[in-house]
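Welcome, and thanks for taking a look at this one. Here is a short briefing to read alongside the model.

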Amino acid sequence: MAASETTALHFSSPSTSLSARVHPLVIFNICDCYVRRPDQAVRVIGTLLGSVLPDGTVDIRNSYAVPHNEFSGQVALDIDYHHNMLISHQKVNPKEVIVGWYSTGEGVTGGSALIHEFYSREVSNPVHLTVDTGFSNGQASIKAYVSTNLSLGDRQLAAQFQEISLDLRMVEAERVGFDILKKQSVDKIPSDLEGMEASMERLLALIDDVYKYVDNVVEGHTPADNSVGRFIADSVASIPKMSPLAFDKLVNDSIQDQLLLLYLSSITRTQLSLAEKLNTAAQIL
């Protein structure tokens, strides 16, 4: 596919009831493809896979990069590669369908309107996800858009991109990896225990914030919010009632399970290394 650039209008404030939810795996895949991109490529473009939930939320669960070229105000996608990858993915998970496309960089460009037009022929109302892989100031700028055509009679004037609500939820293990991904340089990957320590520090900070909020509401410094109060009450009610000794035993058992997994993985790596060396020696003899 190759075409000239068209005008793209960008509205940053969410102005539609449509929303999207993206899984951390998608962000990791996009960043990995950006690191492995060709030297001459400025950005990475790819397809988003997932499904539409009963409430209308677009659930983005997987992705793959699509080779492309941008030159002289034109965009060319490798459509055959795109269709072959889609067939391969659907053989593994038939429930995952095309829900949109992604690109790296900040916001939308004129070329984005052309690519969005192509994906509009693949699926109705596709979602455009943008990921700023530069992570400026340690922040991840991840946004989602939908597009509508602005026309005057039979003549299309521009493509209007509207930002929609985006939900990025992670479990603690994924959040630790995502925090490392946002840093410009990392001396080493934290161990499981270091990751647990960082998670506990974050949890204690959140508990302190809740304490301060409740104290301010009781003292009249902050107006009460019933929805926040119910959320805090539900969170407290979800904590299982157990003695300190039982809680310590639960934590220790979890740590021992993680250490056992590390030990088993180390043994597996050693066995694979020995098997490879024995196989090499057998071929030489």
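Predicted model: local features only at pLDDT ≥ 70, side-chain atom pairs only at ≥ 80, totals over all residues.

A disulfide needs the two sulfur atoms within 2.5 Å.

**Cysteines**
- The count of disulfides comes to zero.
- Cys33 is in no disulfide either, as its nearest cysteine sulfur is that of Cys31, 9.4 Å away.

**Overall picture**
- The secondary structure of the chain comes to seven helices and 11 strands.
- Of the 285 residues in the chain, 28% are buried.
- Among contacts with a separation of 6 or more, 65% are between residues 24 or more positions apart.

**Nonpolar cores**
- The largest nonpolar core has 22 residues, and those with the most contacts inside it are Val26, Ile27, Leu48, Val58, Ile60, Leu129 and Ile164.
- Elements that give two or more residues to this core include helix 1 (24-35), strand 5 (58-65), strand 8 (97-104) and strand 9 (127-131).
- Helix 1 gives the most to this core, with four residues.
- Val58 touches Leu18, Ser19, Ala20, Arg21, Ser51, Val99 and Val127, leaving out residues up to four places away in sequence.
- A second, separate core of 14 residues includes Val66, Leu77, Ile98 and Phe118.

**A closer look at Leu48**
- Leu48 sits in strand 4 (residues 45-52) and is buried, with a relative accessible area of 0%.
- Beyond its neighbours within four places in sequence, Leu48 is in contact with residues including Val26, Ile60, Val97, Val99, Trp101, Val127 and Leu129.
- Leu48 and Tyr64 are 16 residues apart in sequence, and their C-alpha atoms are 7.0 Å apart in space.

**Salt bridges**
- The count comes to five salt bridges.
- One of them joins Arg21 and Asp59, with the closest N and O atoms 3.4 Å apart. Arg21 lies in strand 3 and Asp59 in strand 5, so this pair ties together parts that are 38 residues apart in sequence.
- Asp59 also forms a salt bridge with Arg61, where the closest N and O atoms are 3.0 Å apart.
- Asp59 is buried, with a relative accessible area of 3%, while Arg21 is partly exposed at 28% and Arg61 is partly exposed at 22%.
- Arg21, Asp59, Arg61 and Glu96 are linked in a network of salt bridges.
- Elsewhere, Lys249 pairs with Asp253, with the closest N and O atoms 3.0 Å apart. Both residues lie in helix 7 (residues 244-284), four residues apart, or about one turn of the helix.
- Lys249 is exposed, with a relative accessible area of 54%, and Asp253 is partly exposed at 28%.

**A nonpolar surface patch**
- Met200, Leu203, Leu204, Ile207 and Tyr211 form a nonpolar patch on the surface, with about 500 Å² of accessible area together.
- Leu204, found in helix 5 (residues 192-219), counts as exposed at 51% relative accessibility.

Conventions. Residues numbered from 1 in each chain as written. Heavy atoms only, no water. Buried < 20%, exposed > 50% of the residue type's maximum accessible area, 1.4 Å probe, protein only. Contact = heavy atoms within 4.5 Å. Patch = residues over 30% accessible without salt bridge, like charges linked within 9 Å, V, L, I, M, F, W, Y side chains within 5 Å. Areas by Shrake-Rupley, 256 points an atom, 1.4 Å probe, with all protein chains shown as cover. Salt bridge = Lys/Arg side-chain N within 4 Å of Asp/Glu carboxyl O. Core = buried A, V, L, I, M, F, W, Y, C linked by side-chain atoms within 4.5 Å.
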